[in-house]
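Here's a quick briefing to read with the model open beside you. Take it topic by topic and find each residue as you go.

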Amino acid sequence: QRYSFTNVLCDVFANDTVISDPEFIAQTLLSLLHREGGSIVVIHVPERGFREHNLRALHMFLQGLADMGLSAVTVSALTDAARSFASHE
């Protein structure tokens, strides 16, 4: 509460810390998405010389989202959408 952080859990993860195939990572993430209610996806930050494959996987994942007519949003936007949806039920 001191910094107003909110803890979140992911529901989509492709084990990108162990698997270094960017196409597999992107396709796995895309196949696990919950299109209706949204998903929280984890892909670890690439660094020069460390997990560089994740940069390509991220590009492929974002392109896949666009191809599906979806886009990445912040956790705050996903939370707001869920609240809005719940208030209309």
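What percentage of the 89 residues in the protein chain do buried residues make up? The figure is 19%, where buried means under 20% relative accessible area, exposed means over 50%, and partly exposed is in between, using a 1.4 Å probe and protein chains only. Keep in mind that this is a predicted model, where local features need pLDDT of at least 70, side-chain atom pairs count only at pLDDT 80 or more, and totals for chains, interfaces and linings use all residues. Residues are numbered from 1 along each chain as its sequence is written, and side-chain values use heavy atoms, with hydrogens and water left out.

**The overall layout**

- The protein chain has 3 helices and 2 strands; these are DSSP runs numbered from the N terminus, with helices being H or I of at least four residues and strands being E of at least two.
- Follow the sequence along and you get the pattern β-α-β-α-α.
- The C-alpha atoms fill a box of roughly 45 × 35 × 15 Å, taken along the principal axes.
- Of the contacts between residues at least 6 apart in sequence, 61% join residues at least 24 apart; a contact means heavy atoms within 4.5 Å.
- Ser4 counts as exposed because its relative accessible area is 62%.

- The buried residues in helix 1 are Pro22, Ile25, Ala26, Thr28, Leu29 and Leu30.
- Here's a handy bit of background: an α-helix has 3.6 residues a turn, so residues three or four places apart point the same way.
- The cover over the buried residues of helix 1 includes strand 1 (12–13), strand 2 (41–42) and helix 2.
- Asp21 caps the N-terminal end of helix 1, with a side-chain oxygen 3.1 Å from the backbone nitrogen of Glu23.
- The largest nonpolar core has 10 residues: Val12, Ala14, Ile25, Ala26, Leu29, Leu30, Leu33, Ala57, Phe61 and Leu65. A nonpolar core is a set of buried Ala, Val, Leu, Ile, Met, Phe, Trp, Tyr and Cys residues joined through side-chain atoms within 4.5 Å.
- Helix 1 (22–32) and helix 2 are the elements that give two or more residues to this core, and helix 1 has the largest share, with 4 residues.
- Ala14, one of the core residues, touches Ile19, Phe24, Ile25, Thr28 and Leu29, leaving out residues up to four places away in sequence.

- Asp16 is in the loop between strand 1 and helix 1. Asp16 counts as buried because its relative accessibility is 0%.
- The Asp16 side chain reaches the backbone nitrogen of His44 at 2.9 Å. Leaving aside neighbours within four places, Asp16 is in contact with Ile25, Val42, Ile43, His44, Arg51, His53 and Asn54.
- His53 belongs to helix 2 and is buried, with a relative accessible area of 18%. Its side chain reaches the backbone oxygen of Ile19 at 3.2 Å.
- Asn54 is also in helix 2 (residues 53–67) and is buried at 0% relative accessible area.
- The side chains of Asn54 and His53 make a polar contact at 3.1 Å. A polar contact is a pair of N or O atoms within 3.5 Å; within protein, one must be able to donate a hydrogen and the other to accept it, and residues adjacent in sequence count only if both atoms are side-chain atoms.

**The largest pocket**

- This pocket has a volume of about 620 Å³. On a 1 Å grid over the protein atoms alone, a pocket is an open set of points where a 1.4 Å probe fits, with protein on both sides within 12 Å along at least five of seven lines; lining residues have an atom within 4 Å of a point. Grid points are joined across faces, edges and corners, and the volume is the space filled by probe spheres set on the points.
- Of its 24 lining residues, the closest to the centre are Gly38, Ser39, Ser71, Val73 and Leu78.
- Helix 3 gives the largest share of the lining, 5 residues.
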